[in-house]
Amino acid sequence: MSRWYSLYIRLTAAGLCFAVAFVTLTAQTARPVTYRVIALAEPGQTLHQGFVDAAMDWLQKKGAEEGFAVDYLRTTDPIDEQFLAAHKVFIQLNYPPYRWTPVAEAAFKKAMTQGTIGWIGFHHASLLGKFDGFEMSPFFHEFMGNIVFKSYIPDFATGTVRVEDPAHPVLKGLPQTFPIENDEWYTYDRSPRPDVQVLANVDENSYEPARTVKMGDHPVIWTNPHYKARNVYFQFGHKGALLQSTYFTQLFLNSIHWAAGH
């Protein structure tokens with residue numbers, strides 16, 4: 001049986017002791033491990049924990065099948081240039097674009113600029129603005145397409161996603177349209193389209209039940225070509241049930257392969 005194990009590192013700085021915890025996934029792999037992946041999730045039992053748990057279970061299984069190992073973080077404290085250099089893909093599982101340490105953000109920005117690691121972001125990664133006492137990060141604002149979070153559908157809706165770039169490797173094997181069920185769709189102060197490459201959008205008229213929270217042109221999968229790193233963002237990712245969708249898991253696996261340069 002595969003399992004998770006926890007590794008706790010106690011660091012001391014300026015006389016202050018604090019704990020940094022991260023989890024490494026291990027498994028009896030059918031294939032040897034050829035590269036490592038970071039999976040960053042929010043600390044504590046947040047509203048997104050169901051998605052994180054389901055995604056981690058899926059990553060554990062796929063890692064065994066595909067030959068990658070996953071280092072699971074719930075803080076950005078361990079992240080620096082050396083840590084990133086030991087990994088091929090950075091998966092931001094519902095961790096917001098704030099609460100990063102300055103060292104971690106600087107290392108991540110450098111990695112995106114130089115293309116030394118691939119990035120996959122979900123849902124909360126675009127929660128841009130002033131939240132929880134944090135100012136908005138200028139880097140993440142630009143990286144995510146110069147958008148600011150505006151609103152969301154708190155009672156969820158099923159929506160039809162429309163593929164715009166079927167030739168992109170992230171969308172390999174996906175139909176021209178497919179449903180994402182019962183998710184929390186975000187809206188922003190503007191469409192990111194002028195500053196990113198949109199891969200897919202959601203048809204807001206397809207919402208079931210019908211919803212009034214809309215933004216018009218509504219990209220939900222995009223990549224920022226202004227950075228050398230292979231990067232892709234998915235606006236959906238609130239509930240664990242999403243990992244039961246074959247459309248979503250195909251997107252996720254395609255994204256890992258692409259971000260890793262395979």
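## Aromatic pairs

A search of the whole structure, which is a predicted model, finds 34 aromatic pairs, where rings of Phe, Tyr and Trp (its six-membered ring) pair if their centres lie within 6.5 Å, with planes under 30 degrees apart counted as stacked, over 60 as edge-to-face and the rest as tilted. One of them is the stacked pair of F122 and F234, at 5.4 Å centre to centre and with 20° between the planes. This pair links distant parts of the chain, since F122 belongs to strand 6 (residues 118-122) and F234 to strand 13 (residues 231-234), 112 residues apart; helices (H or I, at least four residues) and strands (E, at least two) are DSSP runs, numbered from the N terminus. F122 is buried, with a relative accessible area of 0%, and F234 is buried with a relative accessible area of 0%, where buried means under 20% relative accessible area, exposed over 50% and partly exposed in between (1.4 Å probe, protein chains only).

W185 and F236 form an edge-to-face pair, 6.1 Å centre to centre and with 70° between the planes. W185 lies in the loop between strand 9 (177-183) and strand 10 (186-188) and F236 in the loop between strand 13 and helix 5 (246-259), so this pair ties together parts that are 51 residues apart in sequence. Both W185 and F236 are buried. Ring pairs join F51, W58, F122, W185, Y207, F234, F236, F248 and F252 into a cluster.

## Nonpolar cores

A nonpolar core is a set of buried Ala, Val, Leu, Ile, Met, Phe, Trp, Tyr and Cys residues joined through side-chain atoms within 4.5 Å. The largest has 48 residues, of which L59, I91, L93, W185, I221, F236 and F252 touch the most other members. A second, separate core of 35 residues includes W100, A125, F143 and Y186.

The charged end of K239 sits over the ring of F156, 4.1 Å from its centre, and K88 lies over the face of Y35 at 5.5 Å from the ring centre; the criterion is NZ of Lys or CZ of Arg within 6 Å of the ring centre and within 35 degrees of the ring normal.

N182, in strand 9, is partly exposed, with a relative accessible area of 34%. Leaving aside neighbours within four places in sequence, N182 is in contact (heavy atoms within 4.5 Å) with F156, A157, T158 and K239. The C-alpha atoms of N182 and A241, 59 residues apart along the chain, are separated by 8.8 Å.

## Basis of the values

Residues are numbered from 1 along each chain as its sequence is written, and side-chain values use heavy atoms, with hydrogens and water left out. In this predicted model, local features need pLDDT of at least 70 and side-chain atom pairs count only at pLDDT 80 or more, whereas totals for chains, interfaces and linings use all residues.
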